[in-house]
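These are my notebook entries on a predicted model. I record here what I looked up, item by item.

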Amino acid sequence: VSGCRAAYTRRAVTGDLRFDYSLPRWHDRRWRTLADAWVTQGLHDAGIRATGPGEQQRAMPWSTLIRYPTDAGPLWFKANAIGMAHEAGLYALLRERCRGHVLEPVALDVERGWLLLPDGGLTLRDVEGARTDLAMWERMLVEYADMQRNLEPYVDELFGTGLVDATPAALPPMRDALLEPKVAVMGEPNGLSEDERQDLLA
């Protein structure tokens, strides 16, 4: 959490608005005012009317999710921390290259990593028995694999959105960087011991 907050602090100013970093910014009233204003503008541009205030459904170090009731059904606002802010740009690319595989966004802010999306229906978590329904998993994974294959010609565009290169050749140096003593918080209560670090490096 502190790493996410420290990274975001390097971009401490958005316009003229300074955030209170003594609190997680997803709960900062000034940040929420900015987010609500952006959603309101997105709804206006799309000809959609809000029917109630937004309710925060999730607040994690890396992102937050807020549900807005509207006359077009529930819409979902997602904001990402700096390490995941590329998601909005990635979504814009998927919208262009994989039509039919992703929801049509109501609004995107690539610079800030913000998305406003229509409701996509129930998740597997919400459907009784879905987690163990092999036919449902097969259908989902086949479609996902098809989308990945269709994206093969656009790898450079994917990385251009800020997507992390996690191809096989990139994984060993990525592992080494994650296991640097300062990153692995050696000696801290929740950090790695030297023996654990060496086992992972072996």
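**Entry 1: helix 7.** I began with the salt bridge in which the side chains of R197 and E194 meet, at 3.5 Å from N to O. Both residues belong to helix 7, which covers residues 194–201. They are three residues apart, about one turn of the helix. I noted the general rule that an α-helix has 3.6 residues a turn, so residues three or four places apart point the same way. I then looked up the accessibility of each partner. R197 has 13% relative accessibility and therefore counts as buried, the cut-off being under 20%. E194, at 39%, counts as partly exposed.

**Entry 2: other salt bridges.** I searched the whole structure and found 11 salt bridges. One of them joins R99 to E104, with the closest N and O atoms 3.8 Å apart. E104 has a relative accessible area of 41% and is partly exposed. I also noted that R95, R99 and E104 are joined into one network by salt bridges that share partners.

I next looked up R175, which forms a salt bridge with D176; here the closest N and O atoms are 2.9 Å apart. R175 is partly exposed at 34% relative accessible area, and D176 is likewise partly exposed at 33%.

**Entry 3: the largest pocket.** I recorded about 2,000 Å³ of space in the largest pocket. Its lining consists of 43 residues, and those nearest the centre are E87, Y91, H101, V102 and L103. Which elements give two or more residues to this lining? I listed strand 5 (75–80), helix 3 (87–97), strand 7 (114–118), helix 4 (134–150) and helix 5 (155–160). Helix 4 gives the most, with eight residues. Sorted by class, the lining holds 26 nonpolar, seven polar and 10 charged residues.

**Entry 4: helix 4.** I then checked the length of helix 4. With 17 residues at 1.5 Å a residue, helix 4 should span 24 Å, and its end C-alpha atoms are 24 Å apart, so the two values agree. At the start of helix 4, I found a side-chain oxygen of D133 within 3.1 Å of the backbone nitrogen of A135.

How values were computed
Residues are numbered from 1 along each chain as its sequence is written. This is a predicted model: local features need pLDDT of at least 70, side-chain atom pairs count only at pLDDT 80 or more; totals for chains, interfaces and linings use all residues. Side-chain values use heavy atoms; hydrogens and water are left out. On a 1 Å grid over the protein atoms alone, a cavity is a set of points where a 1.4 Å probe fits but cannot get out, and a pocket is an open set with protein on both sides within 12 Å along at least five of seven lines; lining residues have an atom within 4 Å of a point. Grid points are joined across faces, edges and corners, and a volume is the space filled by probe spheres set on the points. Helices (H or I, at least four residues) and strands (E, at least two) are DSSP runs, numbered from the N terminus. Ala, Val, Leu, Ile, Met, Phe, Trp, Tyr, Cys and Pro count as nonpolar, Asp, Glu, Lys and Arg as charged, and the others, Gly among them, as polar. The expected span of a helix is 1.5 Å times one less than its number of residues. A polar contact is a pair of N or O atoms within 3.5 Å; within protein, one must be able to donate a hydrogen and the other to accept it, and residues adjacent in sequence count only if both atoms are side-chain atoms. A salt bridge is a side-chain nitrogen of Lys or Arg within 4 Å of a carboxyl oxygen of Asp or Glu. Buried means under 20% relative accessible area, exposed over 50%, partly exposed in between (1.4 Å probe, protein chains only).
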